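The stops below are given in the order to select them.

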Amino acid sequence: MEGDMISRMPDEILFHIISLLPFESAIQTIFLSNRWRLLWNLALVQHGTKEEVASAVSGFLTNFNEQNPTKNTRKLRFHFGKDGILSAIIAPNNKLHLDFSTERQDLVTQFGFELELNCENLVHQPTTPSFFVKTLNLISVNHLSNEAVSSTVSSFQFLENLKITDCNGLTSLCINSNTKLQHLTVFDCPQLTYIHIKSPKLKTFRYRGLLPSVWPEFHYNLADAMFDSRQGPGFSSFKRCDFDPVLLTIKNAKLLTLCKWTFEALICPCLSSLRAEFQFYNLKELWWIDDSNEGYNSDSLISFLKLCPSLERLFITIDPESYCATSAATCSIKVGMHTKLRYLKVVKFEGFTNQEEEITLAERLQEIVTVDPVILATSDGNRWWSLVNDAENKSKLQKMGKLETLASRSSETKCSYKLVEEVKHKKELLLEHTHMGL
């Protein structure tokens, strides 16, 4: 284009512009023009064996100069073995993306994956302080590359954030970290049936996919736990006792994502054998994923909410395709003294097919809520509602208007709206699924 002055700039200047952008924004420049796309395609290409993957990544990181990114490439493409391909991308803020795709995606071989993240393993960590990996995104690790990945990652002593996605054939995952690992995400590994985590500093664990057997060890202080297992259990022999360690691990969480079937089939039976005083005392935010099998039934949700005396934000998503534990009986939890929600500020309904279901649920919430939370209902076009009492002390819903009218509302209502939007944005980022080198 005649007016496209940016694409006429020298490569050195364009590289410098890219280096100043957040990685998630910089990668989008490939859609602006062929020139930007060519810059991203400039990669260090090497060939070798799978035993040489670790040394190739080590050399790639060691030679990278964060202070002068125009003089080197952020991308490595390493071909190993017959079908193995590694695409490594260095992103700002000490992020590294390793995509172990293969040319034969139709061939799935089962494998186990073990990661040892310990301070004493310093073989492959760069010897200079120019670049240390703090955030690592592993994509499409397979039976050809799992040993190479283990060797590569084992010495990342500064690793704080680990994300593992789209690993076909992965059946077991074991992570042992005595370093700084605080955040772990595992998404969309369809054959995964077992996870063992030994990481005492872990604060966040997010999982999406068929629910495997999870054995958390030595960390009972998770602040943020996500179990988006709407696809159902990962294997037919799932026992209720398999979830006991997880229940104790998430007991002190402040943020929690949970599916209804998980509560009915796994958590509720565990609670029946525990003391009635069991509570999620610290839980501030709950994302509840529900099904709509033969009409919506809120009994399980209400039972769970009675365990959450400190809850401030509640997000309810109805997914008609979510797994339903048809064999599980409806749970009725006998709780102790904390049976009312005294701090609930905002509630959001998503996926409801009609307004009547939303109103019925809102009225049931009024039975256990002592405050007046703002409710965002989406079935009729994103409208705010407020639970109020009429002259006869009967609970009902009062419509407050569309979202665009909130500017004239009270600061408390606008604050609630801001909270919803912030959480919505966080979920969109969390559930974002792209293979553009991320």
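Which residues point one way from strand 16, and which the other way? Select strand 16 (residues 313-318): Arg313, Phe315 and Thr317 point one way, Leu314, Ile316 and Ile318 the other way, and all are buried (under 20% relative accessible area, with exposed over 50% and partly exposed in between; 1.4 Å probe, protein chains only). Six of the six residues are buried, so strand 16 is largely enclosed by the rest of the structure. Helices (H or I, at least four residues) and strands (E, at least two) are DSSP runs, numbered from the N terminus.

This is a predicted model: local features need pLDDT of at least 70, side-chain atom pairs count only at pLDDT 80 or more, and totals for chains, interfaces and linings use all residues. Residues are numbered from 1 along each chain as its sequence is written, and side-chain values use heavy atoms, leaving out hydrogens and water.

Ile316 stands opposite Phe349 in strand 17.

Now select helix 5 (residues 146-153). Six of its eight residues are buried, so helix 5 is largely enclosed by the rest of the structure. Its buried residues include Val149 and Val153. Among the elements covering them are helix 4 (53-62) and strand 5 (111-117).

Finish at Ala223, in the loop between strand 12 (213-217) and strand 13 (224-228). At 30% relative accessibility, Ala223 counts as partly exposed.

Technical notes:
Contact = heavy atoms within 4.5 Å. Pairing = 2+ DSSP bridges.
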